[in-house]
Amino acid sequence: MADLKTNLLGFAMNSPIIGASGTVGYGVEYEELADFTKIGGISGKGLTLHGQYGNKGERLWETPSGLINSIGLQNPGVQHFIDVELNEMLELKQKYGTVAIANLGGHSEEEYVEGAALLSDSAVDIVELNISCPNVKNGGVLFGQDPALAAEVTQAVKKHAGNLPVIVKLSPNVTDITAIAKAAEQAGADAISCINTITGMGVDVKTRKPLLANVVGGLSGPAVKPVALRCVWQVCNAVKIPVIGIGGITCAQDVLEFILVGAHAVEIGTMNFVRPDAAFRIAEELPHLCQQLGIKNLAEFRGTLQL
């Protein structure tokens, strides 16, 4: 069987598979469903400094081959996470070796910095920086849509995150994702994860109203995989730091496709809504598929796409 052990930012993971933020809670909810030794880590529900209730009304809608959401970053806040939910993630780490990743969002640079400072004094392993949040001070522009803003917030968070490695999670809703990736790398990012959701919407012709209360939302699931794969390939060829692939992964072959184009690890998200044990099932399938394809070591297979 292939060796699935993966080193990500100095952490030894049992496999390259990580539960994506917002789809697996803080991990403990899934403990009775599957074997956590099969996956490498958990990226917890997205956090903001003070917490927020999220959007009102309809927030999830199934689309052909995907899911559109407008949750609005509902979360308990960074300090509550440190006091309560992080303890649950650390219990999983102690039992199974899963890496604990905190996903941090914000609406201003100051919020990101304060959140990072709090996390730096906690026992979390890695910070995943969600820069797809609106920058209120700059007219609602997303940090992840402007290279200068992306670099600015990345540098500020790195300065206050202590010894914690920082992964910067990129939005695909840009003209050139490599420009954002390079800016984050130059500002000190330790790794890149991509992609976040693609902006979309749905409408009801009978009621003549939007399907989501917030009108627009983020599209995820199998429908976005070709876009995600393209973005990961481009970013892997643009930066020297590790890249984590996210977007539409439903099976072991999808995992290998992302690793083939250069990804060090992958995050599985929407598929967890289809079946809660999806990430674990895919992790179990992966070594068998590697054996069929003659892949003995993922590190040697990584980035070997032939053009």
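This is a predicted model: local features need pLDDT of at least 70, side-chain atom pairs count only at pLDDT 80 or more; totals for chains, interfaces and linings use all residues.
Me: Where is the kink in helix H1 centred?

Reply: The bend at a residue is the angle between axes fitted to the seven residues ending there and the seven starting there. In H1 (residues 78-96), a kink of about 45° is centred on Glu 85.

Me: Which residues of H1 are buried, and what covers them?

Reply: An α-helix has 3.6 residues a turn, so residues three or four places apart point the same way. Buried means under 20% relative accessible area, exposed over 50%, and partly exposed in between (1.4 Å probe, protein chains only). In H1 the buried residues are Val 78, Phe 81, Ile 82, Glu 85, Leu 86, Met 89 and Leu 92. Their cover includes strand S4 (41-43), strand S7 (99-104) and helix H2 (109-120).

Me: How many strands form the closed barrel?

Reply: Two strands pair if DSSP finds at least two bridges between them. Here 8 strands form a closed barrel with parallel pairing, in the order S3-S4-S7-S8-S11-S12-S17-S18. Ile 167 has Ala 191 in S12 as its bridge partner.

Me: Is Asn 130 buried or exposed?

Reply: Asn 130, placed in strand S8 (residues 126-130), is buried, because its relative accessible area is 9%. Contact means heavy atoms within 4.5 Å. Not counting residues up to four places away in sequence, Asn 130 touches Asn 103, Leu 104, Gly 105, Tyr 112, Lys 169 and Asn 196.

Me: Where is the place of Arg 59, and which side chain does a polar contact join to that of Arg 59?

Reply: Arg 59 is in the loop between S4 and strand S5 (60-63), and counts as partly exposed because its relative accessibility is 22%. A polar contact is a pair of N or O atoms within 3.5 Å; within protein, one must be able to donate a hydrogen and the other to accept it, and residues adjacent in sequence count only if both atoms are side-chain atoms. The side chains of Arg 59 and Gln 74 are joined by such a contact, of 2.7 Å.

Definitions and conventions:
Residues are numbered from 1 along each chain as its sequence is written. Side-chain values use heavy atoms; hydrogens and water are left out. Helices (H or I, at least four residues) and strands (E, at least two) are DSSP runs, numbered from the N terminus.
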